[in-house]
Amino acid sequence: MLNNKKILYSGMQATGNLTLGNYLGALKNWVNVNQEYESLFGIMDLHSLTVRQDPTQFRQKARSLYILYVASGLDPEKNCIYFQSHVSGHAELSWILSCFTYMGELNRMTQFKDKASKHADNINAGLYTYPVLMAADILLYQADVVPVGEDQRQHLEITRDIATRFNGIYGDVFTIPEAYFGKRGARVMSLQDPEKKMSKSDENPNASIYLLDDTDTIIRKFKRAVTDSDTNICYSLEEKPGISNLIEIYAAVTEKTFEEVEKEFEGKGYGEFKLAVGEAVASMLKPMQNKYEQLLKEKSYIDERIKENTERAQAMAIKTLRKVQKKVGLTEKIR
Ligand code: TYM
């Protein structure tokens with residue numbers, strides 16, 4: 001609790017170009033609920049280091065992500081939006097928590113297995129302890145709720161397990177966070193392979209809609225989306241994963257139910273439906289894209305917000321960190 005409000009925490013890695021999956025699974029929900037909470041949103045740049053980055057591009061991507069958060073409707077004067085690497089408490093708490101996390105738990109993480117198979121030449125220790133750093137992000141701010149997409153469910157569970165274990169030894173130190181998944185769009189799939197999630201790291205650009213894609217590109221990608229050879233627009237994950245993914249996207253964007261979507265397109269062909277999905281997505285993204293262009297020109301405004309918010313995050317983080325250091329018995333600094 002802060003200022004009588006519960007605390008909301010979430011973030012995204014500062015790599016690649018954000019996709020429609022990131023938007024529908026996370027960002028859209030953040031925008032919808034942030035005002036009910038004391039909200040913090042991190043640019044998770046330390047997590048991004050688990051994969052090799054080009055330093056210049058990486059810095060640009062991280063800054064661009066900050067601006068995208070703001071352009072999407074997160075007011076940086078009301079929400080604490082900051083860079084993870086600017087608050088040293090994340091790394092410090094992560095170390096302490098790693099001493100309360102079992103290798104057996106980390107071995108079960110499906111995202112690790114997945115990333116290790118994709119980056120077989122660079123299976124580094126950071127990739128392995130990634131969930132511990134994520135637990136530190138969340139627990140450092142005593143978050144009550146963490147809005148994320150489905151793929152982060154396991155990471156939220158391990159965060160709760162680590163916090164519960166720590167509290168069991170040292171008393172009520174951490175708030176146990178709840179995951180929050182949106183009703184629709186928590187698992188947006190690739191447009192080229194509907195069995196795979198839409199991902200910023202996909203090498204095929206036609207598999208993902210990027211948040212900064214223009215209208216023509218968006219419509220073209222939807223037109224090319226892989227579907228079955230049937231003609232009925234009806235939801236069936238097993239039999240029609242491609243069309244089901246498009247229904248899911250359309251329902252999330254228009255806030256309609258699957259039944260309403262099926263009814264709207266009864267007797268219409270896939271071509272017409274794909275065009276409608278493309279147009280709906282493009283017009284949802286347009287205001288954000290315009291705002292993004294405008295914010296790119298407001299360098300000093302953004303710099304000022306980054307500075308203020310880093311100080312806020314730092315002040316919150318240090319409280320938890322000091323408490324944890326004391327509980328585990330580290331010698332207090334002489335001030
Ligand atoms: P990241 O950067 O991979 O994704 C950011 C958010 O987008 C969601 N998401 C999706 N949702 C629906 N469909 C998809 N295809 C899709 N792809 C991504 C993710 O679930 C996530 O909510 N480990 C996190 C970043 C992180 C974090 C945190 C999140 C680090 N520390 C603390 C919350 C709290 C990650 O890699 O997200």
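This is a predicted model: local features need pLDDT of at least 70, side-chain atom pairs count only at pLDDT 80 or more; totals for chains, interfaces and linings use all residues.
1. Residues are numbered from 1 along each chain as its sequence is written, and side-chain values use heavy atoms, with hydrogens and water left out.

2. Let's begin with the ligand. It is surrounded by 27 residues, the closest being Tyr 130, Asp 137, Asp 151, Val 188 and Lys 200; a residue counts as near if one of its heavy atoms lies within 4 Å. By class, this shell has 12 nonpolar, 10 polar and five charged residues. Here Ala, Val, Leu, Ile, Met, Phe, Trp, Tyr, Cys and Pro are nonpolar, Asp, Glu, Lys and Arg are charged, and the others, Gly among them, are polar.

3. A polar side-chain atom of Tyr 130 is 2.7 Å from a ligand oxygen. For Lys 200, an N or O atom of the side chain lies 2.7 Å from an oxygen atom of the ligand. Gln 13 uses a backbone N or O atom instead, at 2.9 Å from a ligand oxygen. The protein covers 97% of the 710 Å² of accessible area that the ligand has on its own (Shrake-Rupley method, 1.4 Å probe).

4. Which elements give two or more residues to the shell around the ligand? They are β1 (7-13), α1 (20-33) and α7 (125-140), where helices (H or I, at least four residues) and strands (E, at least two) are DSSP runs numbered from the N terminus. β1 provides the largest share, five residues.

5. Next, the second largest pocket, with a volume of about 300 Å³. A pocket is an open set of points on a 1 Å grid over the protein atoms alone, where a 1.4 Å probe fits, with protein on both sides within 12 Å along at least five of seven lines; lining residues have an atom within 4 Å of a point. The volume is the space filled by probe spheres set on the points, which are joined across faces, edges and corners. Of its 15 lining residues, Lys 28, Gly 182, Lys 183, Arg 184 and Glu 255 lie nearest the centre. The largest share of this lining, five residues, comes from α1.

6. Finally, the structure holds 14 aromatic pairs (ring centres within 6.5 Å; planes under 30 degrees apart are stacked, over 60 edge-to-face, the rest tilted). One of them joins Phe 112 and Tyr 128 edge-to-face, 5.2 Å centre to centre with 70° between the planes.

Technical notes: A polar contact is a pair of N or O atoms within 3.5 Å; within protein, one must be able to donate a hydrogen and the other to accept it, and residues adjacent in sequence count only if both atoms are side-chain atoms. Rings of Phe, Tyr and Trp (its six-membered ring) pair if their centres lie within 6.5 Å; planes under 30 degrees apart count as stacked, over 60 as edge-to-face and the rest as tilted.
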